[in-house]
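Have the viewer open and follow along.

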Amino acid sequence: MHSIEVENLTKKFGHFTAVDHITFQVRKGEIFGFLGANGAGKTTAMKMMCGLLQPTSGKATIAGYSLKSEAKLIKRNIGYMSQRFSLYNDLTVYENMQLFGTVYGIPRKELNTRIFNSLEELQMTEKAKTLVNAIPLGWKQRLAFATAMLHRPQIVFLDEPTSGVDPIVRREFWNLIYRTASQGVTIFVTTHYMDEAEYCNRISIMSEGELKLVGTPQELKDKMQVDSIADVFVKFVNR
Amino acid sequence: MQAIEIKQLNKSYRAIKAIENISFSVAEGELFGLVGPDGAGKSTIFNILATLLKPDAGEVSVLGLDLIKDYLKIRRKIGYLPGIFSLYPDLTVEENLRFFAVMYKSSIKENMKLIRPLWDQLSAFKKRPAGKLSGGMKQKLALCCALIHKPELLFLDEPTTGVDPVSRKEFWDILNSIQTQNITVLVSTPYMDEASRCNRIALIQNGGIIKIETPQQIVLDFEGELFSMETSEIFHLLAIMEKCRLNCNYYPYGNHLHIAFYGNKAELLTEFIQFLDEQHIIYKNLEAINPSIEDCFIELINKKAHA
């Protein structure tokens, strides 16, 4: 089953075509990497898929719901984590989770159980009452992820989730992504770290609004006859 | 004379120690990199050197001038590209550049030579408001504005964060060319792969410096024996590696596992291969490799964590 199906999705701003007829599918439980140079149209495409921006034309089914007629249901069934983490610094770890859980309408008792389990899994139980302001960046990152997962979304969109964290924390986070995907959650992720692209089941490369390449990391390396995704990217963008 | 000299620098924000006992110096004409994750204290160092923030303790001299007494003189001689976009979004590209030139009693014409390679790419957008440029173009304009008065010393706080790999390489080519114009450059980055473009780097984490060296020496100082192998089941392998009780350090690197052995290399390698076979792991290209700066950073952090 596909959890993301995008067909000829297009967005124009005046005369400028930011996203130009992109078509692709993502399987349930797949880790799908979304790469591209700055200004290639990644953010615009992602905003449309999250139901935050109306497409000019084309269609998409996200988590089984139509982008055109069921954008509200899409929002309820996806999670989103931005590189700035969107946590409230002056609330505690627990309060942040409670706030986001309540926004998604999770009943109080159920929410408490989920927060408890989630903190336990992240080994952050002792930090429940600490202000987010005072916890290290790596923890903020894991907390932001857990918060985006509280309402048990089918798909989670991660926009440069590892930007600026240290190399060990970056790797721990990918382990977390991998565990989440193996539980059947679809992961849609953007990154500028080319080694991370290799962790994805499949990756795509956008350029000038078009989706130019989609495939497994190995397929793309074979196709471009290079040894790493970094070289695929460089070769591709320089063409 | 050193372009920058810092001794035992400390700065706290209330209870949070941003930087603790930091000492380093940068020679004239050097391209020096502060390499480390967010929250390491990089921006605090820049703000102090740019005379925008008073240190709690420590000695600092910038271009031979005293940080407190001579702050006005320092400001005239430095260029600063902060980590957040700080140009006027509603002025055009050209107006921003002219504004900075005039503020420093210089003119665009006078120092055009210095910014020529950048300006050639920007001039197509001369009349566009700076706020409406793409991320990469904003950075190029900001660099032009920091250079237009021909500073002796240039501070660049994470100029390539969030920038794609191809544009990053371009930006570093420009930095290397700036260096040839007798401008000292202090630059910070969270990307380990950029470290090799610097003359020397300081690896920095949690407000302290872990190591200062040339990138070449940092690699030579790697203590373990590093091997790499390729597998399509990297996360499965990571999950079972706990059972591998060898004196080693391992972590994923894309679809490769990097493993650093500490001790008798030949013995450890044999035991590791035996382990892989017992666990029915399919792999290829198991070989000794030269560590990258990222491998070195990981080794240093691990060492510090276990110390």
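## Ground rules

This is a predicted model, so to speak of local features we need pLDDT of at least 70, and side-chain atom pairs count only at pLDDT 80 or more, while totals for chains, interfaces and linings use all residues. Residues are numbered from 1 along each chain as its sequence is written, chains are lettered from A and ligands numbered from 1 in the order written, and side-chain values use heavy atoms, leaving out hydrogens and water.

Take a look at helix H9 (residues 265-278) of chain B: its 14 residues reach 20 Å from first C-alpha to last, close to the 20 Å expected at 1.5 Å a residue. (The expected span is 1.5 Å times one less than the number of residues; helices are DSSP runs of H or I with at least four residues, strands are E runs with at least two, and both are numbered from the N terminus.)

Which residues of H9(B) are buried? They are B:Leu268, B:Leu269, B:Phe272, B:Phe275 and B:Leu276. Down the helix axis they fall within an arc of 120 degrees, so they line one face of H9(B); the arc is taken from the directions from the axis to the C-beta atoms. Buried means under 20% relative accessible area, exposed over 50%, and partly exposed in between (1.4 Å probe, protein chains only). On the other side of H9(B), B:Ala266, B:Thr270 and B:Glu278 are exposed.

A:Arg170 sits in helix H6 (residues 167-182) of chain A and A:Glu196 in helix H7 (residues 194-197) of chain A, so the pair ties together parts 26 residues apart in sequence. Both A:Arg170 and A:Glu196 are buried. They also belong to a salt-bridge network with A:Arg171, A:Asp195 and B:Glu294.

Over in chain B, B:Asp173 pairs with B:Arg197, the closest N and O atoms being 2.6 Å apart. This pair links helix H6 (residues 165-179) of chain B to the loop between strand E8 (184-189) and strand E9 (200-205) of chain B, 24 residues apart. B:Asp173 is partly exposed at 37% relative accessible area, and B:Arg197 is partly exposed at 26%.

Technical notes. A salt bridge is a side-chain nitrogen of Lys or Arg within 4 Å of a carboxyl oxygen of Asp or Glu.
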